[in-house]
Amino acid sequence: MTDGSHTSHEKVPSRQRRRFPGISSRAYEHPADRSALVALRKLSGFDTVFKALSGLLPERSLRLLFLSDSVRVSDAQFSHLNDMLRDACYILDLKKIPPMYVTQDPKPNAMCIGLDEPIIVVTTGLVELLDEEEMRAVVGHEVGHALSGHAVYRTILLFLTGLALKVAWIPLGNVAIMAIVTALREWFRKSELSADRAGLLTGQDLQASMRGLMKIAGGNHLHEMNVDAFLAQADEYEKSGDLRDSVLKILNVLPRSHPFTTVRAAELKKWSETRDYQRIMDGHYPRRDEDKDTSVTDAFRASASHYADSVRTSKDPLMKLVGDIAGGAGDLGGKLRGKFTGNGSGGAAGKGGATGGSEGTRPSGPEDPESPPKP
């Protein structure tokens, strides 16, 4: 085997990991990922833009660029990464191994892009930062993007982000583009949670996945960091502050393509403790040959259930208020005034609702869910 684009799985690394023949991406995809992708596809104008860009984006030029100015992973170059790539594709049963490139960039990053066929790109900053097991989770993360078909939307997001900057000077010229970019970013943040799960299924080492995320956040200083303390940051981030802080959290995350690192770590650890994860590890998971029979209604229902559970269990002040409203809590005006002013008095808010009030009647979940999209 001479490079990562061949389809054989020769020289699979010796460490034994559980393999998932025929696994469907539905096994690890986050419910919010699927919901956001469907919502994105229903966005006005998206189909038109998608079809136009699919024919216009210079994919051949992109591939030639990496071929000419990056290092292609193979048995002869970055052979340890090539072993990880083959191993990840073997574990997730991705038949065609995507080409993989290492590009010079001190910022730790990786991406899976391409319209016709995915290619994986990792930066030198990431290669130098992570150890073997941490890097294995990242490679599995990107293979998960490829298996889920995320590469095409990621490519369009990269193109539209650059285009929005170029047309920003045209009056109203960038409004439609930015609406699509915002929707794409919302989906991509959710898709990262799915790919993190694929990385865990590939590496099968939760601590390595946690270490990798910590290093991306704080650099190569593991002796100065602690997984439990890092996860405690995510908990503090979620529950701290009032409604004003909740709004600031939303504004902070909107320009980002990735969720905050502590949030990713907490989400991944939570999933690793679920029955769904254990069933996959036991060999019980959705298969690709069953995808055609999958009910869209069931997918919507799963997404609705996820959002209802998120509202019910969230410690975020805004989500607590949403839970109160859905549960029929009293004076909404008084609650909003109390939340934003920090004053616990006012109507029903003064009866225990001003500090979050989610201890009352729990919501039963939305009847009509939001129309249900790598480091």
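Trainee: What is the relative accessible area of Gln204, and does that make this residue buried or exposed?
Mentor: We're looking at a predicted model here, in which local features need pLDDT of at least 70 and side-chain atom pairs count only at pLDDT 80 or more, while totals for chains, interfaces and linings use all residues. Buried means under 20% relative accessible area, exposed over 50% and partly exposed in between, using a 1.4 Å probe and protein chains only. Gln204 falls under that cut-off, so call it buried, at 19%.

Trainee: Where is Gln204 found, and what is its phi near?
Mentor: Residues are numbered from 1 along each chain as its sequence is written, and side-chain values use heavy atoms, with hydrogens and water left out. Helices (DSSP runs of H or I, at least four residues) and strands (runs of E, at least two) are numbered from the N terminus. Gln204 is in the loop between α8 and α9. Its phi is positive, although the residue isn't a glycine, and is near 55°.

Trainee: Which loop holds Phe78, and what is its phi near?
Mentor: Most residues other than glycine have a negative phi. Phe78 sits in the loop between β1 (71-72) and α4, and counts as partly exposed at 31% relative accessibility. Its phi is positive, near 50°.

Trainee: How far apart are the C-alpha atoms of Cys89 and Arg19?
Mentor: Cys89 belongs to helix α4 (residues 79-91) and is buried, with a relative accessible area of 0%. Arg19 is 70 residues away along the chain, yet the two C-alpha atoms are separated by 9.7 Å.

Trainee: Which residues does Lys190 touch, leaving aside neighbours within four places in sequence?
Mentor: Lys190 lies in helix α8 (residues 175-203), and it's buried at 18% relative accessible area. Contact means heavy atoms within 4.5 Å. On that basis, its partners are His30, Ala32, Asp33 and Ala36.

Trainee: What separates the C-alpha atoms of Glu186 and Leu37?
Mentor: Glu186 is also in helix α8, but counts as partly exposed at 31% relative accessibility. Leu37 is 149 residues off along the chain, with a C-alpha separation of 9.0 Å.

Trainee: At what angle do α9 and α10 cross?
Mentor: The axes of α9 (residues 206-218) and α10 (residues 227-239) come within 11 Å of each other. The crossing angle is roughly 65°.

Trainee: How many nonpolar residues are in the contact of α9 with α10?
Mentor: Gln207, Met210, Leu213, Met214 and Ala217 of α9 meet Val227, Phe230 and Leu231 of α10. No charged residue takes part and one is polar, while the nonpolar ones number seven.

Notes: Axes are lines fitted to C-alpha atoms, for helices over the stretch in contact, and angles run from 0 to 180 degrees between N-to-C directions. Ala, Val, Leu, Ile, Met, Phe, Trp, Tyr, Cys and Pro count as nonpolar, Asp, Glu, Lys and Arg as charged, and the others, Gly among them, as polar.
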